[in-house]
Amino acid sequence: MGKQKSKKKNRFIIVLCVVAVIMIIGDWVLSVTVYNENFNKRFESYEPLMLCVNDFDGLQRTQYEFSSDQGQKLTGYMYSSGENQHGIVVMAHGFGGGGHNSYMDCASFFAHNGYYVFTYDATGNDESEGEGVGGTPQGVVDLDYAISYVEESGIFPDLPIVLFGHSWGGYSVCSVLTYHPEVKAVIACSGFNSSSDMFEAEGKKQAGYGIYLMMPFVKLHERIKYGDYAANTAMDGFLKSEADVLIVHSADDDIVPIEYGFDIYYEKYKDDPRFSFIRLEDKGHNYVYNDMTYINEFNAEFDKWIETLDYDYNAKENQERFSEDKAEYIHNNLDRDKWCDMLNAELFESFVSFYDEHLTSA
């Protein structure tokens, strides 16, 4: 009887172990699937709202092509205006809206204030190769290769390099300091500390605290795919570099909550003279450094236009029709002069002053 009980107990334990393994594998597969559905996609800029070089007086650009980690070709641009440039701003764009196009106004401002600007479309975005982005750490990978290209190609002036990034780019410009401690200064807007933070922040909205069942598998997936790039954080970058850092974030950011970046950095570095912090209160995420006046005006008129439609624009069968009508409305009603001139000039003047000061003191 004792042996039979022991065998039953052993079988029970084996069954439990098998069930546990199946559940773990299932959770892993589900986590990776959800991750890829959100982060391993291709992104294109929305054509009706795309910016053009001709929208900005005196702005010039030259197109380049360089390789990233898997040999995929990335399209980059050097923007310039006038003479007396005393540094190169390398810019990293955000996630989900296509490549660097929506940051052309930022490039123009820096280019008109004493800097060359090199920026590019990351893997899986706009004019660069890649069926999808791959994952969040790809932003750091591509930026690493972009900086090396600027420094080593022999094409560009031998000038100090500073970095500018927003959102995904804000994380990338900080994390990449581990690999490029020679960078003189960094401005990171609405960024986050760790590669998995975006997945966690968005996941909490959809699944609540259940997202934490996925997080170990997401982190493992990123680590297997990207190695040290995935493990490296913005805080790691700060430790490996002597660059001066300016962090900008809005308290009401619901895409990258402020506790995922700004708060972490402020707690550690608020008394460190290398670090400067600008905490905003009501600027959100996508327009953290914009004057919202024209956006609000346009959105108000757009909402009125929607009310005039004689069909249900939310219905699935009307999606294509609404997409065409929306594009036509934007083309006919968007004031491009105002659309291309929405930067908070005072804030960007402080950005230029930050770069100037730290290049002078370098």
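These legends cover close-up views of the cavities in a predicted model.

Local features need pLDDT of at least 70 and side-chain atom pairs count only at pLDDT 80 or more, while totals for chains, interfaces and linings use all residues. Residues are numbered from 1 along each chain as its sequence is written, and side-chain values use heavy atoms, with hydrogens and water left out.

**View 1. Cavities in the whole structure.** A search of the whole structure finds 2 cavities of 30 Å³ or more. A cavity is a set of points, on a 1 Å grid over the protein atoms alone, where a 1.4 Å probe fits but cannot get out. Points are joined across faces, edges and corners, and a volume is the space filled by probe spheres set on them.

**View 2. The largest cavity.** Its volume is about 50 Å³. Ala92, His93, Tyr120, Ala122, Gly139, Asp142, Trp168, Gly169 and Ser172 line this cavity (an atom within 4 Å of a point). Helix H3 (138–152) and helix H4 (168–175) are the elements that give two or more residues to the lining. H4 gives the most, with 3 residues. Helices (H or I, at least four residues) and strands (E, at least two) are DSSP runs, numbered from the N terminus.

**View 3. The second largest cavity.** The volume here is about 30 Å³. The lining consists of Ala188, Ser190, Gly191, Phe192, Ile247, Val248, His249, Phe262 and Tyr265. Two or more residues come from each of strand S7 (244–250) and helix H9 (262–269). S7 gives the most, with 3 residues.

How values were computed:
1 Å grid on protein atoms, 1.4 Å probe; cavity = no way out; pocket = protein on both sides within 12 Å on 5 of 7 lines; lining within 4 Å.
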